[in-house]
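Have the structure open and follow along.

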Amino acid sequence: MREILKEVVNEQGLQILQTPAMLRAKLEEKGDDRSDALLWELILTACPSVADVAVQPELSRAEVNTVIGAVTKTTMLSASLVRRMVQQLLDAAQVKLSPVPRFLILANGRHGGACSVEDQREGEVLQAALASLETDTETALSDLQTLSQAGNAYASYQLGLYYSSHEMEGMDTQQVAQNFFNCAAQQGYGPGYGALADYALNGRRKNLRRAAQYFGYPTSLAGRDGRRWSKNAADLLAYREQNVRSGRQTLLLVVVTLVITLLAGICSPREFAMAVPALVLELGCGVRCVLGLVMDPYGSYRFVYAALAACWLLNILCLV
């Protein structure tokens, strides 16, 4: 289809786009699929401005996206189909696409003073992309990724939200989402840290210490977006307090076990050698509890419980 369209345009000139019926006839004459020829007639009849766009020597990607959006709304065709056909037309007409503009970001302090034309344009693209994220996903994601690459932290954050809630074949969307959240955080958008903390708490690899570090950033819970992660922060704080209490109780249990082991060794001097491993284990458990309370309030005490169970077993053997 692409080559046939290019051949017809080269032979007849771009003016043939002004007469959709003639274009359809020429495409069918060259052996093009009838349904494709009818699609071209539909598009050019419903949106005559497409023919005017094709005669431009150079277009920006934003202008192309505007044309695609207009055709999609007018013809009710799918955005992906319209994008493919418009791209074929631009190739046939040899229209050059200008480079994607590098947007300027006020939030990152790249410049000061009044809002520039680039800033206004960036805001328009961002709003349009978010509004069409579910209806024209391909275009919206492309625009958001362009903004993200240009340094727009909010676009990176929105990409993270999208991929975290959608599954795509052949793509680890959760990892992609984490990458975008990390990008947003590095670009200065605090709630990105809140999103990363959510993955550290509820993801495939739990890491409570890392989650606490993410929540430690002052703006991780700022604004409307940050509040969505506030429950995670509250749950993590509650777990920390509970774990500290558990650590203190475990340390007390270690001390009691240590005293009982010493008494068992004193009561059975012949079996004191059996109590030595238990004493070593108990001292290690005590050190672990102290370090946990001081340096690692999110750590687990499962190893300590298992070691204490072994110590109690040795104590029983000493007394029997």
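## Helix packing, pair by pair

H9 and H10 cross in a left-handed sense. This is a predicted model, by the way, so everything below is read from a prediction. The axes of H9 and helix H10 (residues 173-186) come within 8 Å, at a crossing angle of roughly 160°.

Who makes the contact? On the H9 side there are Ala153, Ser156, Tyr157, Leu159, Gly160, Leu161, Tyr163 and Ser164. H10 answers with Thr173, Gln174, Val176, Ala177, Phe180, Phe181, Cys183 and Ala184. Sorted by class, the contact of H9 with H10 comes to 11 nonpolar, 5 polar and no charged residues.

Glutamine 158 also lies in H9. Is glutamine 158 buried or exposed? With a relative accessibility of 12%, glutamine 158 counts as buried, because the cut-off for buried is under 20%. Between glutamine 158 and phenylalanine 180 there are 22 residues of sequence separation, and their C-alpha atoms are 8.4 Å apart in space.

Now for the other partner of H9. Helix H8 (residues 137-149) packs against helix H9 (residues 153-164) at an angle of about 140°, and their axes are 8 Å apart. That angle makes H8 oblique to H9. The H8 and H9 crossing is left-handed. From H8, the contact draws on Thr137, Leu141, Leu144, Gln145, Leu147 and Ser148; from H9, on Ala155, Ser156, Leu159, Tyr162 and Tyr163. The class tally for H8 with H9 is 7 nonpolar, 4 polar and no charged residues.

Serine 142 has its place in helix H8 and is partly exposed, at a relative accessible area of 37%. What does glutamate 138 touch, once its neighbours within four places in sequence are set aside? Ser80 and Arg83 are the contacts. Arginine 83 is 55 residues away from glutamate 138 along the chain, and the two C-alpha atoms are separated by 9.5 Å.

Next stop, helix H12 (residues 208-215). The buried residues of H12 are Ala211, Tyr214 and Phe215. Looking down the axis of H12, these buried residues fall within an arc of 95°, so they line one face of the helix. The general rule behind such a pattern is that an α-helix has 3.6 residues a turn, so residues three or four places apart point the same way. What do the buried residues of H12 pack against? The answer is helix H11 (191-202) and helix H14 (230-267).

The H12 and H14 axes come within 11 Å and cross at roughly 125°, which makes H12 oblique to H14. Their crossing is left-handed. At the contact, Leu208, Ala211, Ala212 and Phe215 in H12 meet Asn232, Ala233, Leu236 and Tyr239 in H14. By class, H12 with H14 gives 7 nonpolar, 1 polar and no charged residues.

| Helix pair | Axes | Crossing angle |
|---|---|---|
| H8 and H9 | 8 Å apart | about 140° |
| H9 and H10 | within 8 Å | roughly 160° |
| H12 and H14 | within 11 Å | roughly 125° |

Glutamine 94 lies in the loop between helix H6 (79-92) and strand E2 (96-97). Phi of glutamine 94 is near 60°, a positive value in a residue other than glycine. Glutamine 94 counts as exposed, with 64% relative accessibility.

Finally, the whole chain. The protein chain has 16 helices and 2 strands. Of its 320 residues, 42% count as buried. Among contacts in the protein chain with a separation of 6 or more, 58% come from residues 24 or more positions apart.

Note on methods. Residues are numbered from 1 along each chain as its sequence is written. This is a predicted model: local features need pLDDT of at least 70, side-chain atom pairs count only at pLDDT 80 or more; totals for chains, interfaces and linings use all residues. Side-chain values use heavy atoms; hydrogens and water are left out. Axes are lines fitted to C-alpha atoms, for helices over the stretch in contact, and angles run from 0 to 180 degrees between N-to-C directions. Helices (H or I, at least four residues) and strands (E, at least two) are DSSP runs, numbered from the N terminus. Angles under 35 degrees count as roughly parallel, over 145 as roughly antiparallel, 65 to 115 as roughly perpendicular and the rest as oblique. A crossing is left-handed if the near helix is turned anticlockwise from the far one by less than a right angle, and right-handed if clockwise. Contact means heavy atoms within 4.5 Å. Ala, Val, Leu, Ile, Met, Phe, Trp, Tyr, Cys and Pro count as nonpolar, Asp, Glu, Lys and Arg as charged, and the others, Gly among them, as polar. Buried means under 20% relative accessible area, exposed over 50%, partly exposed in between (1.4 Å probe, protein chains only). The arc is that of the directions from the helix axis to the C-beta atoms.
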